[in-house]
Structures are given as C-alpha cells and as structure tokens.
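Q: Can we go through this one together? I want the contacts and the overall form.

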Amino acid sequence: MSSVADQLTSVLQKTARLIELCGALQEENDLLKLENESVKVALDTSKNKNADLEEKLRVLKLAKSIEGTSEKTLDIKQKINEFVREIDKCVVLLKK
C-alpha cells in the first residue's frame, strides 16, 4: 500500500504545484490586462493629439494659402460682399 500512498502524495504535490502556477498565471494575466488598458489609453490620447495637430495643420495651410495671395484681407472681404450683393439681386429676380 505504500505505493498507493506514494502515488497519492505525488498527486497532491503536483496538484499543489498546479494551484501555485495557476495563481501566478492569474497575477500575470491581471498585470497584462492593466498594461493593456494603459496602452489603450495612451493610444487614444495619441490619436486625439494627432487629430488636433492635423486640424491645426489644415488651418495653417488655409491661412498660408490666403496669406499667399497678393490681395489683403480687406480686399477679399469686399469681393465677398460684392458676390453676396450679386446673389441677392439674382434671388430678387428669381422671385419675380
């Protein structure tokens, strides 16, 4: 019977070892989940920052394109006002 007792002891030891390994793996899994979440937050932050920078770049390009013209802002405003007056005249004519 000592053989059965030895086998039982061996099974109990292996079971205890498996329980320890399972606990260690659970802890590692929890740490990896936390790390994953922090990386996701960092990625979201980076995406938001990238979107903000792209918007600033778009505005800057637009400003430079307007700045690059030989006309000043006042001249551009006057032309826009002329276009609006012309459109208003057309609307009045269409209503008749």
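**Chat notes**

A: Start with Glu86 and Lys89, whose side chains meet in a salt bridge at 4.0 Å, N to O. A salt bridge here is a side-chain nitrogen of Lys or Arg within 4 Å of a carboxyl oxygen of Asp or Glu.

Q: Before that, what kind of model is this?
A: The model is predicted: local features need pLDDT of at least 70, side-chain atom pairs count only at pLDDT 80 or more, and totals for chains, interfaces and linings use all residues. Residues are numbered from 1 along each chain as its sequence is written, and side-chain values use heavy atoms, with hydrogens and water left out.

Q: Ok. Where do Glu86 and Lys89 lie?
A: Both are in helix H2, three residues apart, about one turn of the helix. Helices (H or I, at least four residues) and strands (E, at least two) are DSSP runs, numbered from the N terminus.

Q: How many salt bridges does the structure hold?
A: Three. Arg58 pairs with Glu55, with the closest N and O atoms 2.7 Å apart. Arg17 pairs with Glu20, and there the closest N and O atoms are 3.5 Å apart.

Q: What's the spacing of Arg17 and Glu20 along the helix?
A: Because Arg17 and Glu20 are three residues apart in helix H1 (residues 2–67), about one helical turn separates them. Arg58 and Glu55 also both lie in helix H1, three residues apart, about one turn of the helix.

Q: Changing topic. Which residues make the nonpolar surface patch?
A: Phe83, Ile87 and Val91, making a patch of about 300 Å². Patches are made of residues with over 30% relative accessible area and no salt bridge; like charges are joined within 9 Å, and nonpolar side chains (Val, Leu, Ile, Met, Phe, Trp, Tyr) within 5 Å.

Q: Where is Phe83?
A: Phe83 sits in helix H2 (residues 73–95). Its relative accessible area is 56%, so Phe83 counts as exposed.

Q: Now the whole chain. What is its secondary structure?
A: Two helices and zero strands. The radius of gyration is 37 Å, well over the 12 Å that the globule rule gives for 96 residues, so the chain is more spread out than a compact globule. That radius is taken over C-alpha atoms, and the rule is 2.2 Å times the number of residues to the power 0.38.

Q: What does the C-alpha trace span?
A: About 110 × 40 × 10 Å along its principal axes.

Q: What share of the residues is buried?
A: Buried residues make up 0% of the 96. The accessible surface comes to about 9,200 Å², of which 63% belongs to carbon and sulfur atoms. Areas come from the Shrake-Rupley method with a 1.4 Å probe; for residues, only the protein chains shown count as cover.

Q: Last one: how far apart are Glu55 and Asp88?
A: They are 33 residues apart in sequence and 33 Å apart in space, C-alpha to C-alpha.

Definitions and conventions. Buried < 20%, exposed > 50% of the residue type's maximum accessible area, 1.4 Å probe, protein only.
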